[in-house]
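Me: I'm new to this one and would like to know where the labels come from. Can you show it to me and take my questions one by one?

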Amino acid sequence: MSDVTGMPASAVVIGGGSDLARAVLERLARRRLRHCVLAGRSPERLQESADALARAGVTEVETVVLDVRDRSVRDAFVESCLARLNTVDLVLVAAGTLPNEGLDVLSPDEVADTIETNFTGPAALTFAFARRLVAQGSGRIVVFSSVAGARVRKANFVYGSSKAGLDGFCQGLGDALSGTGVKVMIVRPGFVPTRLTDGRSRQPLATSVDAVADAVVRGLESGAEDVYVPASLRVLFGVARLVPRALWRRAPS
Ligand SMILES: NC(=O)c1ccc[n+]([C@@H]2O[C@H](COP(=O)([O-])OP(=O)(O)OC[C@H]3O[C@@H](n4cnc5c(N)ncnc54)[C@H](OP(=O)(O)O)[C@@H]3O)[C@@H](O)[C@H]2O)c1
């Protein structure tokens, strides 16, 4: 069970090879994280993260090859995590993909893949874990959304809409879990240089992996329901939501 400061002893990570997830977990390892299941597609990336966590003090790290789009393994995966960890204090959802967008670039299949990877796959897994955490009577779910979903831009409307879907799902889930002992925290970073954004030009108000990881830990400590990184993006996107579409579509790519 998480301690009084909100720090977990056990975690399941979906997208376990993610750069952002690894930075969060390394910080949690310095507190009291000891047992972890890392699930993702690439065994190499999972092993890199597992090694880093072992060095940071996590005593038991297991890796599971999992594609969030694969419905057939979902229930067995959730059950196996419960069996391995006994109690799951934290479910961290970090799986995501950022396609090169454009009407003439993306295929319809790539649109579907992006939405399954960023929205429907993570939502179904989060839902399955939420039910188990309610039965357990406690737990935190932390989900990487994005400011790209706070107001969808034409430049990346497939990624943005997939994150908007996940974000809305998690807001509703958090409300549905009210009073159960299980809480959802939505993290909305701006541009962060990671493997996801490799080769892309830096966006205004970019932030760093360390800043995001520190904000996630602070959010866990304070019991936050949502976190923007940098924090100024909360105000910026509060205003952006009010901008008329005729103006918004002229926003630079
Ligand atoms: N970096 C940013 O600027 C930024 C900004 C806002 C939000 N975010 C979100 O933060 C999260 C973490 O991103 P990151 O920056 O840490 O990038 P990252 O290092 O590339 O992490 C993304 C992870 O998602 C995994 N993944 C992709 N498709 C998957 C699938 N079908 N099934 C299972 N796992 C899959 C990848 O694993 P494989 O490589 O093995 O496929 C990778 O470990 C993502 O949800 C991203 O959208 C990032």
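Predicted model: local features only at pLDDT ≥ 70, side-chain atom pairs only at ≥ 80, totals over all residues.

Me: How do the axes of α1 and helix α2 cross, and within what distance do they come?

Reply: The axes of α1 and α2 (residues 43-56) come within 9 Å and cross at roughly 20°. Axes here are lines fitted to C-alpha atoms, for helices over the stretch in contact, and angles run from 0 to 180 degrees between N-to-C directions. Residues are numbered from 1 along each chain as its sequence is written, while helices (H or I, at least four residues) and strands (E, at least two) are DSSP runs, numbered from the N terminus.

Me: Why are α1 and α2 called roughly parallel?

Reply: Angles under 35 degrees count as roughly parallel, over 145 as roughly antiparallel, 65 to 115 as roughly perpendicular and the rest as oblique. The α1 and α2 axes cross at roughly 20°, so the pair is roughly parallel. Their crossing is right-handed, meaning the near helix is turned clockwise from the far one by less than a right angle.

Me: Which residues of α1 and α2 meet?

Reply: Arg22, Leu25, Glu26, Ala29 and Arg30 in α1 meet Ser49, Ala52, Leu53 and Ala56 in α2. A contact needs C-beta atoms, placed from the backbone, within 7 Å.

Me: What makes Arg241 exposed?

Reply: Arg241 has 9 other C-beta atoms within 10 Å, so exposed is the word. You'll find Arg241 in the loop between α7 (232-240) and α8 (245-248). Not counting residues up to four places away in sequence, Arg241 touches Ala150 and Arg151.

Me: How do you know that the buried residues of α2 line one face?

Reply: Leu46, Ser49, Ala50 and Leu53 are buried in α2. Seen down the axis, they fall within an arc of 105°, so they line one face of the helix; the arc is that of the directions from the helix axis to the C-beta atoms. Turned away from that side are the exposed Glu44, Asp51 and Arg55. The buried residues pack against α1, β2 (35-40) and β3 (60-65).

Me: How do you know that the length of α6 agrees with its number of residues?

Reply: The expected span is 1.5 Å times one less than the number of residues. For the 14 residues of α6 (residues 209-222) that should be 20 Å, and the end C-alpha atoms are 20 Å apart, so it agrees.

Me: Which residues of α6 are buried?

Reply: Val212, Ala213, Ala215, Val216, Gly219 and Leu220.

How values were computed:
Buried ≥ 20, exposed ≤ 12 C-beta atoms within 10 Å, placed from the backbone. Contact = placed C-beta atoms within 7 Å.
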